[in-house]
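Subject: Structure for you to look at

Dear colleague,

I am passing on the structure below, together with an account of what was found in it. Please read the notes with the structure open beside them.

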Amino acid sequence: MAETNQFFIEREQNKYEVVIGLEVHAQVTSASKLFSSSSTKFGAEPNTQVSFVDAAFPGMLPVINEFCVKQAIKTGIGLKAKINKKSIFDRKNYFYADLPQGYQISQYKYPIIGEGKVILDMADGQKEIGIERLHLEQDAGKSIHDIDPTNTFVDLNRSGVALMEIVSKPDLRSPDEVNAYIKKLRSIMRYLGTCDGNMQEGSLRADVNVSVRRQGDDNFGTRCEIKNVNSIKFMQMAIIYEANRQVDLIEEGKSIDQETRLFDTKKNETRSMRSKEDAHDYRYFPDPDLLPLEISDEFISQIKDEIPELPDEKKKRFIDKFNLSSYEANILVSDIDTSKYFEEVIKNSDVKLATNWITGELFAVLNEKNLEISESPVSSNNLSKLINLIKDGTISGKIAKTIFEEMIDGDKDPQTIVDQKGLKQESDPKALEELINKVIKNNTSKVEEYKSGKEKLFGFFVGQVMKESKGKGNPQLINKILKDKLNG
Amino acid sequence: MSDITKLSLNELIQNIRNKKLSSTEITNSFIERSEKSKKLNTYVTDNFSSALEAAKIFDEKPNMDLKLPGIPIAVKDLFCTNGVRTTAGSNILNNFIPPYESTVTQSMWDEGAILLGKLNCDEFAMGSSNETSFFGNVQNPIGENLVPGGSSGGSSAALAANLTPVTIGTDTGGSIRQPASFTGTVGLKPTYGSCSRYGIVAFASSLDQAGPMSQNVKDAALLLEVISKFDNKDSTSIVFKRNKYSSELTNNIKGLKIGIPNEYRVEGMPKEIEDLWKKGIEIIKDCGAEIVDISLPTTKYALPTYYIVAPAEASSNLARYDGVKYGFRSEGENLIDMYEKTRSEGFGEEVKRRILIGTYVLSSGYYDAYYLKAQKVRQLIKKDFDNVYNNVDAILTPSTPSSAFKIGEKTDDPVSMYLNDIFTVPVNLAGLPGISIPAGIDNKGFPLGLQIIGKPFDEQTILNIAYSMEEKINFKNNITDWWM
């Protein structure tokens, strides 16, 4: 099946292209908030991680958390983006119960990070997605409407937590690309340790901008923004729904209103939240409580020194150095923990076998048990030992699978299993010869058949010898000796 | 000692150190006088019983090495004080008790001072007469039914009436210097970034600055020394070499060059203000300093610039008073209704006016024409000062275009009220230090002040100039205790 990246919405007369841009809100990995020392730990009791600054008490002032700035710069470097040595924090003014200050501190005209790019590996090749900007901003608190029929509860634990808003250019063209883009972004940030990318905990959410245009059209259509979508699956569903809705409007000769929409995950549809006319006037202006953020060259170069090898570079190295296929390398580098595991395993063992065992047996077990590789029941050290036992001929690949099954339960040492169960491969030619002689003796008629041309029977003899060896016979040696005997 | 409350801060400290007076005696005297002066309406919240306890504790184990040993001090009700109600003169905070202390007041308590109470002020420091306070207007002790200036009007009145030996105010467009001028007292606004804004209820963040108010220059120098400190809790706090303002104070200003800005001769300025200024110039010459005519051409745009920048910041700073978390709430049908009722009832007219102006000038479509342009003009005003400071060490101007006016006289005319700040506002826009000292009286016998504006971070020079002028002027406030 020829896989292709092309995605169009087709109607009787026309074919439409979908244009997508994402504004990803990524929670900065940091112990404390963007402008206060409160903890950012997920899942605490409501309103237990709130300072007077976060709750906007009178006279409280924001003080920038240097670590969050560093994290943003790191991410900027990971996105191969321009680091702006001077950026400005602005106030975005609006009233809401979970916005204690009555404004969000964000960056408007002068973000900390400028243009960059992300490379996607699609089935039909690589695609570059432009990054427009990345800026730092505070998260709001959380309004909880479903505890009480008439009252709203407010939890300010999240109020003031640092977010990076990463704005892509309108370069995405399909739900598949959105999937690949989010995964790549998450992969880069997890390599850098700047965002854990945990979508269930809300560490990564996105506003999705969707427009459609007839195939071949150079101008963009009117876009709609779908707010705050918190899983890749929902993003894809929302895009497909929204693009079709817009196409239907065009087909009916109607126009599309630029508006903000919400995705209803239960009904699988988007609906209007507010029109352009009702858009908030946020009255942005530079926050007078904060001076412009100025970053020195030294600070940037210091951060550059801390940047680890990123997925693109790692992939290239895996291909060049280990002779992996692009496909294999992609699988191994996409998640930082997988790549770490892989590199630990191959420190002392064969690369090819390690690749096959990790992407084969190990992934199957992880999938089945719904575990992350960081929670793997088999440690990299023990997997490495297992591979070495195969490589040096102590056990066969087949026995190794049996041993692996046992290793899963409590990360057992494969050598111990081999010793305890006597699973060591029989590679002594003399011992094997004895077994072979026995099989030949017990099957004289079959030997005759074989010699008279029924060569298919060779497999039968191998099976019999294996049986005699209780599965431990070295298959290569058995083959060789058996052939010599039968043909001799 | 019969007249403890008439003593200056430095005299009180001397008496405490000499053990001629105890903190308890001093504290008691100020409390007694304050109790008898309720008619002035200077206190919003008193802290008298706690102050007496603190004085007793101090006397039991006096630490004379402190800079303000056992000295009771009342402060403007814009400084958050841990456990003591802080209202900012507003209904919207009338039940607010901060669980934290402002850095500036903490510095005072750390040096042995004792909180006497919280002093009335214009609501959120927005006003020039203390008439916008939710807690009622304040009487100026120099004469019945006169305003004490504003916004630090409770502070200036309490100081002039000897209800507190010194006090601290905040100054966004003149709120320390103008009331000082109206009450015959000394008021200093430090360079922006000298005193921490942490824990001060914000009005206009890029302009607000706390500062000392006192009977004389020496007291101001000492109090400044206590409160001017770098604070990492305020991102706009600045690290610079701070002088030992009181011990480095000198009346030798020989050879200094003092600029007289042409543009401060505003149209319609009363002759007595002009005469006062001339008198000041003569005194400066007498002190051996040189007078230099200078030009600050952008001055005429200062007031309109200020009335864009300050309301813009205020409209955003005051958004947090929404009835959700603390302070006054008026229940409503839903969130929006609650907001509207809370803010309609919680804020007074002047505050609402400024929120509206501020919201307007920041609105999309108007931002460039108003706020952005005002910020550019502000840069030009700053540049004006930078230019003249190549040639002069300080600048002498009147503090205000008039003496204290009658209560109610200007309440219906906001623009005429705003004109009060015409000489003080440029100093805030440029972030400079300025001090007002009493320099004479007008034909009604009301005090008038002169303002000395300094280079950034050069508080010492303006204190020295003020100190040497003070000696020659020898101003005595004529206060009759008419309210008792």
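Among the contacts in chain B between residues at least 6 apart in sequence, 77% join residues at least 24 apart, a contact being counted when the C-beta atoms of two residues, placed from the backbone, lie within 7 Å. This is a predicted model, in which local features need pLDDT of at least 70 and side-chain atom pairs count only at pLDDT 80 or more, while totals for chains, interfaces and linings use all residues. Residues are numbered from 1 along each chain as its sequence is written, and chains are lettered from A and ligands numbered from 1 in the order in which they are written.

Chain B contains 15 helices and eleven strands, where helices (H or I, at least four residues) and strands (E, at least two) are DSSP runs numbered from the N terminus. The radius of gyration of chain B, taken over C-alpha atoms, is 21 Å, close to the 23 Å that the globule rule gives for 484 residues, so chain B is as compact as a globular protein of that length; the rule itself is 2.2 Å times the number of residues to the power 0.38. Along the principal axes, the C-alpha atoms of chain B fill a box of roughly 65 × 55 × 45 Å. Of the 484 residues in chain B, 60% are buried, a residue being buried if 20 or more other C-beta atoms, placed from the backbone, lie within 10 Å of its own, exposed if 12 or fewer do, and partly exposed in between.

Chain B also holds an open sheet of eight strands, in the order E4-E6-E5-E10-E11-E9-E7-E8 and with mixed pairing, two strands being paired if DSSP finds at least two bridges between them. Strand E4 (166-170) and strand E8 (290-294) of chain B stand at the edges with a single partner strand each, so one side of each is left without a neighbour in the sheet. On average, neighbouring strands of this sheet are turned by 30° against each other, direction ignored, with axes taken as lines fitted to C-alpha atoms (for helices over the stretch in contact) and angles running from 0 to 180 degrees between N-to-C directions. Within the sheet, strand E9 (residues 394-398) and strand E11 (residues 447-454) of chain B are joined by five bridges in the antiparallel sense, and B:Ile395 has B:Ile453 in E11(B) as its bridge partner.

Helix H4 (residues 103-110) of chain B is largely enclosed by the rest of the structure, because six of its eight residues are buried. Those buried residues are B:Thr103, B:Val104, B:Thr105, B:Gln106, B:Ser107 and B:Met108, and they pack against strand E2 (72-76), E4, strand E6 (210-214) and helix H7 (217-227) of chain B. Just after H4(B), B:Gly112 takes a positive phi of about 100°.

The loop between strand E3 (114-119) and helix H5 (153-160) of chain B contains B:Ser151, and the peptide bond from B:Gly150 to B:Ser151 is cis, with omega near 5°. B:Asn130 lies in the loop between E3 and H5 of chain B as well; although B:Asn130 is not a glycine, its phi is positive, at about 65°, and with 35 other C-beta atoms within 10 Å it is buried.

Chain A is divided into domain 1 (17-303), domain 2 (309-421) and domain 3 (429-487), with bounds that come from an automatic or database domain assignment. The centres of domain 2 and domain 3 of chain A, taken over C-alpha atoms, are separated by 33 Å.

An open sheet of three strands in chain A has the order E5-E4-E15 and antiparallel pairing, with strand E5 (103-106) and strand E15 (285-286) as the edge strands, each pairing on one side only. Two bridges join strand E4 (residues 90-93) of chain A to E15(A), where A:Phe285 is the bridge partner of A:Arg91.

A:Phe342, found in helix H7 (residues 336-346) of chain A, counts as buried because it has 29 C-beta neighbours inside 10 Å. Leaving aside neighbours within four places in sequence, A:Phe342 is in contact with A:Leu332, A:Ala354 and A:Ile358.

Finally, the contact between the chains takes 25 residues from chain A and 35 residues from chain B. The side of chain A that touches chain B has 17 nonpolar, four polar and four charged residues, where Ala, Val, Leu, Ile, Met, Phe, Trp, Tyr, Cys and Pro count as nonpolar, Asp, Glu, Lys and Arg as charged, and the others, Gly among them, as polar.

With best wishes
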